[in-house]
Amino acid sequence: MVVPITPTAGPEVELNARDWCAGNLHEERIAGALWDLTDPTPTKVRTILNDLGYVDERIHDLKQSGATTRFFLDLREKGGRLCLEGSAAGEETVVDKCVAPATGRFTPGDRNR
């Protein structure tokens, strides 16, 4: 018999139910918008995120590496800790929940995976 291991760190443990549910919706919405983007440059990714309603103050570390543009979104509100980590690469686009610091300035290096 295999007993599943309960996570002890990361989004599964540290995000509240509201953030977890909202994170799923944000992930799906953003990934869907970036999926068909050819040549996902930081400028194109920022434009799509802005068009989806994410303001520049919430977009962090938008950097291109080869054919992929990586980014973070600070989605903390009302005491939540939700952030998203994304990589825009056409059909290889991935957007995942992460955990932001409870208070203070959002710094991607401080987040939990």
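User: Which residues of helix 3 are buried?
Analyst: The model is predicted, so local features need pLDDT of at least 70 and side-chain atom pairs count only at pLDDT 80 or more, whereas totals for chains, interfaces and linings use all residues. Residues are numbered from 1 along each chain as its sequence is written, and side-chain values use heavy atoms, leaving out hydrogens and water. Burial refers to relative accessible area with a 1.4 Å probe and protein chains only: under 20% is buried, over 50% exposed, and in between partly exposed. In helix 3, the buried residues are Val45, Ile48 and Leu49.

User: Within what arc do the buried residues of helix 3 fall, seen down its axis?
Analyst: The buried residues of helix 3 are Val45, Ile48 and Leu49. They line one face of the helix, because the arc, taken from the directions from the helix axis to the C-beta atoms, is 100°.

User: Which exposed residues does helix 3 carry on the face turned away from its buried side?
Analyst: Helix 3 spans residues 42–51. Its buried side holds Val45, Ile48 and Leu49. The face turned away from that side carries the exposed residues Thr43 and Asp51.

User: In what order do the elements of the chain run from the N terminus on?
Analyst: Elements are DSSP runs numbered from the N terminus, with helices (H or I) of at least four residues and strands (E) of at least two. The chain has three helices and four strands. From the N terminus on, their order is α-α-α-β-β-β-β.

User: What span does helix 2 reach from its first C-alpha to its last?
Analyst: Helix 2 covers residues 17–34 and has 18 residues. The expected span is 1.5 Å times one less than the number of residues. The span of helix 2 is close to the expected 26 Å, reaching 26 Å.

User: Within what arc do the buried residues of helix 2 fall?
Analyst: Asp19, Gly23, Glu27, Ile30, Ala31 and Leu34 are buried in helix 2. An α-helix has 3.6 residues a turn, so residues three or four places apart point the same way. Seen down the axis of helix 2, the buried residues line one face of the helix, because they fall within an arc of 95°.

User: Which exposed residues sit on the face of helix 2 turned away from its buried side?
Analyst: Asp19 and Ile30 are among the buried residues of helix 2. The face turned away from the buried side carries Ala17, Leu25 and Glu28.

User: What is the phi of Asp39?
Analyst: Asp39 lies in the loop between helix 2 and helix 3. Asp39 counts as partly exposed, because its relative accessibility is 47%. Its phi is positive in a residue other than glycine, with a value near 50°.

User: Is Lys78 buried or exposed?
Analyst: Lys78 has a positive phi of about 50° although it is not a glycine. Its loop lies between strand 2 (68–74) and strand 3 (82–88). Because its relative accessible area is 77%, Lys78 is exposed.

User: What is the relative accessible area of Lys97?
Analyst: Lys97 belongs to strand 4 (residues 94–99). This residue is buried, because its relative accessible area is 11%.

User: What distance separates the C-alpha atoms of Val13 and Val99?
Analyst: Val13 is in helix 1 (residues 11–14) and is partly exposed at 41% relative accessibility. Val13 and Val99 are 86 residues apart along the chain. Their C-alpha atoms are separated by 9.6 Å.

User: What percentage of the chain do buried residues make up?
Analyst: The chain has 113 residues. Buried residues, Lys97 among them, make up 40%.
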